[in-house]
Amino acid sequence: MATKGLEKEAGIKSATVDACLLQWEQGRERLNKNDVLVIDEAGMLGTDKMNKLLGHANSEGAKVILVHDPEQFGAIEAGAPSRAIARRFGEAELTEVVRQRNPEMSRATYEFATQQTERALTRYEKLGALNMTAADEPIARRMMVEVWASERLEGKSQLMLAYTNDSVQALNQAAREVRIAAGEIEEGRAFTVAKGQRCFAKGDDVYFLKNDKHLGVQNGALGKIQSIEGSHFQIKANDDGRVIGLDIRHYNHLDHGYAATIYKAQGVTVNNAYVLASNYFDRHSTYVACTRHKDKLMVFGDQKEFKNRDMMMKTLSRECSKSMAVDYAQARWIKPQNKQDLKLNTNQISQKQLAQERLEIKNLKSYFPSKEFSFAWAYERFRGWLQGVIQLSDKRQMLCLTKNNNMKLVPYHSQLENFLGKEVNILLDKKGGINKCSVIDKIDGISKQHDVLDGGVTKTQQYNLIDLKIEDYVLSGKAFIDNDLEI
C-alpha cells in the first residue's frame, strides 16, 4: 500500500523490497549504473535484506538513497543497518513538520522525533488529549470508541490504534456494534478468514491483508463492502474507487477496518487518530502512534497499566532501539568467539548511552552542519588536531579532535588543554578513557612526537609527517562553542 502511494505522489516507479529482490535474483529488471534506488522506511529493513539490496546496487554501480526515521519502528529482523550506516557516513535531515496543522502538535511531533517524548506528551496533556482515568482496558476501549463514534459523522478520516491484535479485534467489534445500533449496517454473516471467524455485512469497512495481483489489491488497502452474495464480495476500494469482486473462499485475507495495530499504521495519515496505550509501548511506538493525525489525537489508557502519571511517562518514553553487532564490537580487532571471551570487555555501551550519543550528535550538527561528529569508543586509536573542549547538554565535557571535516569527541582530560591547536595521537583504554597521548610538534621542519603521560614528556620520536589542514575555527574555552553558545 505504501508502495502504491509513493508511486502516485513521487512519480517514480515503485515496488516493495521483497518484489525487487525476487525479480533481481531472477535476472529481471536489474539495476544499472544510471539508476538511483530510493529506499523509503529504510529503518524497517534488517541487516540481511539491506545487505542484499546494497549488494545488487553495488554490483551494478547504482546510487542508493536511504530515507528513514531512526526514532520510528525498526526492523522485525535482526539489526538496525540504516541507523548504523547513517552514524558512520552522516545524513541529511528534514526537520520541518507538515502533517499536523496545529503549531503545538507540530512542535510535539518534532519532540517525539528528537527523543523528547515526555515533553511532547506533556504538550498533548495540556491540549486535553491524554485520558488515563479508566479502571481497566475494557473501560478504556469503551471510552475510546465513544469518542470515535461521536466524531465519525463529521466526514473526516479516522483510525483507532492499539498495540496487540487482540485489542484491535476488540475495538473493531465495538465499532461494528456502534454502527449496527445506529442502523448503518446489519449484524451480517460469519465467515472464516485468515485471522479466524469474522462477521461481515454490506457497508462494513474492511482491510485487505495480502497483496494479490489478479485482484489488484495491496496489503493495507482499505475498502467498503458494497454487497455480499453467498461467498462473493463486491468491495469498493477507498484509494481509487474501483469495485473489486472476490470469492472469500479463495481470498480470505480480510479484516474489519476501523482499528489497526500501530506497526501496520506506520506511514498512514488520517484526520483523527485514537490511541489505546499499554505497557507494551516504548518511545518508538509512542512516536508512530501519536503522529498519524492531521487534526486531532486522543490517547487512552487505564490505571492497571499505568498506576500514575510518572509510570505512564516512563513507559511511553523508554528506549528500545535495536542493535547492531558493531555497537558492541568496540575493539575492532577483537572478535569474541564465546561467552567467556565476551567478558574481556565488561564496559559495553548501553542502548540508553547510544541513544544519548545520537541525540548529542544531532545537536552538534545543527550548529555545525558542515562537520561530521562522532564519539570515540573504547580501544580506538586515532590522530588529528586537538581543537578544544565541548560541554554537552548532559554536562559531560569532551575533547574535540578533528581531521578534515571529521570531529571525534574524546573523553575529557584536563592536562590536554595545554595542547589545544596541536596535532595529537590518542589511544583509548577498554573503558573509553585516555590511556596514552602523544603530541606532535614540528621543529626546524622535522616532526617530533612527545608521549605525554601525567603531564610529563617521556619519549621523543622523529619522523616525516604530512601536514594536516587546521580548521578555520578553533573551539576554545572550557565549556562553550563559538561566541559562548552553550550546547
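Predicted model: local features only at pLDDT ≥ 70, side-chain atom pairs only at ≥ 80, totals over all residues.

Colleague: Which residues meet where helix 3 packs with helix 4?

Modeller: From helix 3 they are Thr47, Met50 and Leu54, and from helix 4 they are Pro81, Ser82 and Ile85. Sorted by class, this contact comprises four nonpolar, two polar and no charged residues.

Colleague: What makes helix 2 oblique to helix 3?

Modeller: The axes of helix 2 (residues 17-25) and helix 3 cross at roughly 50 degrees and come within 11 Å. That angle makes helix 2 oblique to helix 3. Their crossing is left-handed.

Colleague: Which residues form that contact, and how do they divide by class?

Modeller: Helix 2 contributes Val17, Asp18, Leu21, Trp24 and Glu25, which meet Lys49, Lys52, Leu53 and His56 of helix 3. The contact of helix 2 with helix 3 has four nonpolar, one polar and four charged residues. His56 is on the helix 3 side, and histidine counts as polar here because the charged class consists of Asp, Glu, Lys and Arg.

Colleague: Why are helix 5 and helix 6 described as roughly antiparallel?

Modeller: Helix 5 (residues 103-113) and helix 6 (residues 117-126) pack at an angle of about 160 degrees, with 7 Å between their axes. Angles over 145 degrees count as roughly antiparallel, and therefore the term applies to helix 5 and helix 6. Helix 5 passes helix 6 in a left-handed crossing.

Colleague: Which residues of helix 5 and helix 6 meet?

Modeller: Glu104, Met105, Arg107, Ala108, Glu111 and Phe112 in helix 5 meet a set in helix 6 that consists of Thr117, Arg119, Ala120, Leu121, Arg123 and Tyr124. The contact of helix 5 with helix 6 divides into six nonpolar, one polar and five charged residues.

Colleague: How many cavities of 30 Å³ or more are counted?

Modeller: The count comes to one. The largest cavity has a volume of about 30 Å³.

Colleague: Which residues line the largest cavity, and how do they divide by class?

Modeller: Among them are Lys4, Phe208, Gln218, Asp239, Arg242 and Ile244. The lining divides into five nonpolar, two polar and three charged residues.

Definitions and conventions. Residues numbered from 1 in each chain as written. Heavy atoms only, no water. 1 Å grid on protein atoms, 1.4 Å probe; cavity = no way out; pocket = protein on both sides within 12 Å on 5 of 7 lines; lining within 4 Å. Points joined across faces, edges and corners; volume = space filled by probe spheres on them. Axes fitted to C-alpha atoms, helices over the stretch in contact; angles between N-to-C directions. Helix = DSSP H or I, 4+ residues; strand = E, 2+ residues; numbered from the N terminus. Parallel < 35°, antiparallel > 145°, perpendicular 65-115°, else oblique. Left-handed = near helix turned anticlockwise from the far one by under 90°. Contact = heavy atoms within 4.5 Å.
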